[in-house]
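Please keep the sequence and the model in view while reading.

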Amino acid sequence: MTTETKKLYLDFLKLVLVGAVSSEVQHEFWQTRRWPYIDHIQRLLAEPPHWILLNGRNWPDRGHTMIGLLRLNNLHESLDHIRLNAIPGDFLEAGVWRGGACIFMQVYNKLYDMDRRIFVCDTFNGMPGVELDRYPQDHGLEGTFGLCAATEDEVKNNFILYDALDDNIIFVKGLFKDTLHAIPVSRLSLLRADGDLYSSTMDIFTALEPKVSKDGVIIIDDYFAVPQCKQAVDEYLNNTNQTAAIVTIDWGGVYYHK
Ligand SMILES: C[S@@+](CC[C@H](N)C(=O)[O-])C[C@H]1O[C@@H](n2cnc3c(N)ncnc32)[C@H](O)[C@@H]1O
């Protein structure tokens, strides 16, 4: 398979993951697990996506990720950067909802024979409550409790729809503060932080940022969307005497190379 074909497949996969194609196209893909013909993909890609799906501005009914096409494109480019520069380490997303961003990582992993592990980390029970005695910075975010609930079985089934569940996928269930320190991983090439809260973001960075390889990619989904998330990242970088060349992806997300 040529690199151009792989790119077209991955661009089609993004449309399916956000629900930017018809439910007929989605169901045929999930049922047959076969890529459509190239000319069909090209026709689908020629249609401009709705701005809501482009920018990840909703929680799509028919989608498996809410990050939108621009942040999926950033994920795609990040994986290209890791592959082309042979950056060592596994991939990890903390805050997965229905798992779509991790599914994208795994389909890429398989198409390019990268054989990286993908850690899929969440409560699988929705957003945790804020702990204002531990992190008063989360004041104002009390109303997020229980949002974005998707069970581990639901996420596993979503992986199965894309023929993406194998031994490389490792589910890590529980609160980040209890689970992330204990994950059996020594190096990450990609860390995708999508936990929204100050507490969740700080817990992700404290446990995992030191494990990111040099020139590995750190993506923060909510940097501009949730002020408390930006505050956690900025304070972590300041506390660890790091400067990061933070790049804007869209209205909410940013990334930097370590
Ligand atoms: C905005 S959603 C993630 C969206 C997802 N990345 C996607 O592709 O659609 C946030 C997720 O973070 C999880 N989460 C937030 N804080 C957490 C914490 N402290 N521990 C475990 N999971 C957490 C929630 O359960 C929720 O599934």
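**The largest pocket and its surroundings**

In this predicted model, helices α6 (100-111), α8 and α9 each contribute at least two residues to the lining of the largest pocket. The largest share, three residues, is supplied by α9. The lining comprises 43 residues in total, and those lying nearest the centre of the pocket are Met127, Cys148, Asp194, Gly195 and Asp196. The space in this largest pocket amounts to about 690 Å³.

Asp196, one of the residues nearest the pocket centre, belongs to the loop between β4 and α9. Its backbone has a positive phi of about 70°, although Asp196 is not a glycine. With a relative accessibility of 23%, Asp196 counts as partly exposed. A positive phi also occurs at Ala86, with a value of about 50°, and this residue is likewise not a glycine. Ala86 lies in the loop between α5 (68-84) and β1, and its relative accessible area of 59% makes Ala86 exposed.

Rolling a probe the size of a water molecule over the atoms shows where empty space is left. The structure holds one cavity of 30 Å³ or more, and the largest cavity contains about 30 Å³ of space. Its lining is formed by Val18, Ile52, Leu53, Gly56, Asn58, Pro60, Thr65, Met66, Ile67 and Gly68.

The sheet is the next element to trace. Strands of a sheet pair through backbone hydrogen bonds, either parallel or antiparallel. Here seven strands form an open sheet with mixed pairing, in the order β3-β2-β1-β4-β5-β7-β6. Its edges are β3 and β6 (247-248), each of which pairs on one side only.

Cys121 stands opposite Val172 of β3. Together with helix α7 (residues 152-161), β2 and β3 make a right-handed β-α-β unit.

Further along the sheet, β4 runs parallel to β1, to which it is joined by five bridges; within this pair, Ala94 is opposite Ala193 of β4. Five bridges also join β4 to β5, again in parallel. Ala193 has Ile220 as its bridge partner in β5, while Leu188 has Val212 as its partner in that strand. The chain passes from β4 through α9 to β5, and this β-α-β crossover is right-handed. Strand β4 itself is mostly covered, with six of its six residues buried.

The buried residues are Tyr198, Ser199, Ser200, Thr201, Met202, Asp203, Ile204, Phe205, Ala207 and Leu208. They pack against strands β1 (90-94), β4 (188-193), β5 (212-220) and β7 (254-257), and against helices α8 (176-179) and α10 (227-239).

Beyond its neighbours within four places in sequence, Val120 is in contact with Glu93, Val96, Cys102, Val155, Phe159, Ile169, Ile170, Phe171 and Val172. Leu10, found in helix α1, is buried, with a relative accessible area of 0%. When residues up to four places away in sequence are not counted, Leu10 touches His76, Phe104, Val107, Tyr108, Leu111 and Tyr112. Leu10 and Phe104 are 94 residues apart along the chain, and their C-alpha atoms are separated by 7.9 Å.

Terms used:
Residues are numbered from 1 along each chain as its sequence is written. This is a predicted model: local features need pLDDT of at least 70, side-chain atom pairs count only at pLDDT 80 or more; totals for chains, interfaces and linings use all residues. Side-chain values use heavy atoms; hydrogens and water are left out. Contact means heavy atoms within 4.5 Å. Two strands pair if DSSP finds at least two bridges between them. Helices (H or I, at least four residues) and strands (E, at least two) are DSSP runs, numbered from the N terminus. A crossover is right-handed if, with the strands pointing away from the viewer, the path from the first strand over the helix to the second runs clockwise. On a 1 Å grid over the protein atoms alone, a cavity is a set of points where a 1.4 Å probe fits but cannot get out, and a pocket is an open set with protein on both sides within 12 Å along at least five of seven lines; lining residues have an atom within 4 Å of a point. Grid points are joined across faces, edges and corners, and a volume is the space filled by probe spheres set on the points. Buried means under 20% relative accessible area, exposed over 50%, partly exposed in between (1.4 Å probe, protein chains only).
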